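Please have the viewer ready as you read.

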Amino acid sequence: MSQEKVIVLDFGGQYNQLIARRVRECNVYCEVHPHYISLDEIKKMSPKGIIFTGGPNSAYLEDSPSCSRQIFELGIPVLGICYGSQLMAHLLGGAVKTAPTSEYGKTEVNIDATSMLFDGVQANTICWMSHTDYIETPPDDFRIIGHTTVCPVAAMECPERGLYATQFHPEVMHTVEGQKMLSNFVYKICGCNGDWKMDSFVEKTIAQIRQKVGDGKVLCALSGGVDSSVAAVMLARAVGKQLTCVFVDHGLLRKNEGSEVEEVFGPNGPYDLNFIHVNAQDRFYNKLKGIEEPEQKRKIIGEEFIRVFEEEAKKIGAVDYLVQGTIYPDVIESGLGKSATIKSHHNVGGLPDYVDFKEIIEPLRLLFKDEVRQAGRELGIPEHLVSRQPFPGPGLGIRIIGEVTAEKVKIVQDADAIYREEIAKAGLSGTISQYFAALTNMRSVGVMGDLRTYDYAVALRAVTTTDFMTAECVEIPFEVLQRVMNRVVNEVKGVNRVVYDLTSKPPGTIEFE
Ligand code: XMP
């Protein structure tokens, strides 16, 4: 792992992950930590720079998230963004107040290009503002380096102490020169060299795994999805035949997926892996009988997965390590970071308390999805596998609202296969980040061939997203949707209605449960 690191302290803003991504795009490794981590923990990480995020609170209120004033004495450059800028001002003796005029959206900011932070930035530059408080007066030793018509301190600095702050958000695309500002911060102010590159990440991780595992045996939970495939190939590169990949068919896979995974990773595929295909459908269906609550379903599927792996591990004997394809958004969204728990992604938060392995290896835990794909390409995994749309670990179990039964699985598999076929035929696959059919728990009255039906409604979902933390619904041409609807109601027994989900994330999530 890279030594050079910038950390983001999370004060509850919505763009926190985005800041980390933008810094990584500068080839500097960056991770997000809760605002309350201790100074000792920060010192241990020896970051080259610290960035304070935005947040919805008022820095001057007692209960608002804060941090120790001594953070500014560590000799580590700090960039405060939005709430982070106000907190810096507040903690260092400046005045933060409710702004007479709030600013929201694209705003022209007049900056002072002699500041290192704005090196090479236009004197009048468009930035993204979103604030109701503002810094009325900066702390004593600070200099104002940016203002707007209504915001007297749109940016400030105290270069002698390495402290910088912007009221606007350099991390969002709408701040036209934001990437340049962040790059100035990490290179010119923090003195980073830019040693975070995907090839070096892949090579270093492989070397680390090799060292950790020694001559131990490793079991990999392979689902055939992008994340676990990349993790598996990485492990195969690291420890070769010490690795056994176990593919559990939990009966919640997409149509024909089992055989497709076997084709790629099985004995006739291109990789030299030990591969075990476990058919465990009945076992999962039994456990899920009568269970309707989404989190409970997730936990059951997650736990059963682990139990199956443990059993396979025992058959192999003396397996020390379990590999999982957990990626960064899984960690964050499972509430293991600071943010609220959204869902227990089964490969993280849904793990049972007791797992019968010496250790779990998660080589992709620090990567965003597109970084995982990039790592996959570095590893020489074919493009059609690397650019595959994601499929959740709990599979169709969370695309069937309510109780899961074999009959419902068949319905959603068939509807989904039709949907995917029509999307591919229409040439849209490459333009959509994730699309699938889900089975609602709603049955409604229809008429088919003059007969009354009382059948399920299938919901179609299609979203675009870069990081899967936020997503937009895709405008699929109406005729394509109609074709899918026609085929689904005609070809899939038990369905008499098809709806299209328009919801973005937030407020929805991508999956239904
Ligand atoms: P949500 O539904 O949380 O999904 O908006 C975001 C992305 O994560 C995938 N997802 C999962 N992936 N295990 C996984 O490996 C899970 O339990 C899980 N739940 C959701 C989802 O498909 C989307 O790409």
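The second largest pocket has 27 lining residues, and those nearest its centre are His384, Ser387, Arg388, Gln389 and Tyr435. A pocket here is an open set of points on a 1 Å grid over the protein atoms alone, with protein on both sides within 12 Å along at least five of seven lines, while a cavity is a set where a 1.4 Å probe fits but cannot get out; lining residues have an atom within 4 Å of a point. This is a predicted model, in which local features need pLDDT of at least 70 and side-chain atom pairs count only at pLDDT 80 or more, whereas totals for chains, interfaces and linings use all residues. Residues are numbered from 1 along each chain as its sequence is written, and side-chain values use heavy atoms, leaving out hydrogens and water.

The space in the second largest pocket comes to about 670 Å³, a volume being the space filled by probe spheres set on grid points that are joined across faces, edges and corners. Which helix gives the most to the lining of this pocket? It is H7, with five residues. Helices H7 (257–265), H11 (369–378), H12 (383–386) and H13 (406–425) each supply at least two lining residues; helices (H or I, at least four residues) and strands (E, at least two) are DSSP runs numbered from the N terminus. By class, the lining of the second largest pocket has nine nonpolar, nine polar and nine charged residues. In this scheme Ala, Val, Leu, Ile, Met, Phe, Trp, Tyr, Cys and Pro are nonpolar, Asp, Glu, Lys and Arg are charged, and the others, Gly among them, are polar.

Next come the rings. The whole structure holds eleven aromatic pairs, counted when rings of Phe, Tyr and Trp (its six-membered ring) have centres within 6.5 Å; planes under 30 degrees apart are stacked, over 60 edge-to-face and the rest tilted. Two of them are set out below.

| Pair | Centre to centre | Angle between planes | Class |
|---|---|---|---|
| Tyr29 and Trp196 | 4.8 Å | 50 degrees | tilted |
| Tyr104 and Trp128 | 5.5 Å | 70 degrees | edge-to-face |

Tyr29 lies in strand E2 (residues 29–34) and Trp196 in the loop between helix H4 (178–189) and helix H5 (198–213), so this pair ties together parts 167 residues apart in sequence. Tyr29 is buried at 1% relative accessibility, and Trp196 is buried at 5%; buried means under 20% relative accessible area, exposed over 50% and partly exposed in between (1.4 Å probe, protein chains only).

Tyr104 in strand E5 (residues 95–111) and Trp128 in strand E6 (residues 124–137) are 24 residues apart in sequence. Tyr104 is exposed at 64%, whereas Trp128 is buried at 13%. Elsewhere, Phe11, Phe52, Phe72 and Tyr83 form one aromatic cluster.

Charges also meet rings, where NZ of Lys or CZ of Arg is within 6 Å of the ring centre and within 35 degrees of the ring normal. Arg399 lies over the face of Phe436 at 3.7 Å from the ring centre, and the charged end of Arg443 sits over the ring of Tyr456, 5.5 Å from its centre.

Finally, the cysteines. The whole structure has zero disulfides, a disulfide being a pair of cysteine sulfur atoms within 2.5 Å. For Cys67, the nearest cysteine sulfur is that of Cys82, 15 Å away. Cys67 is buried at 14% relative accessibility, while Cys473 is partly exposed at 21%.
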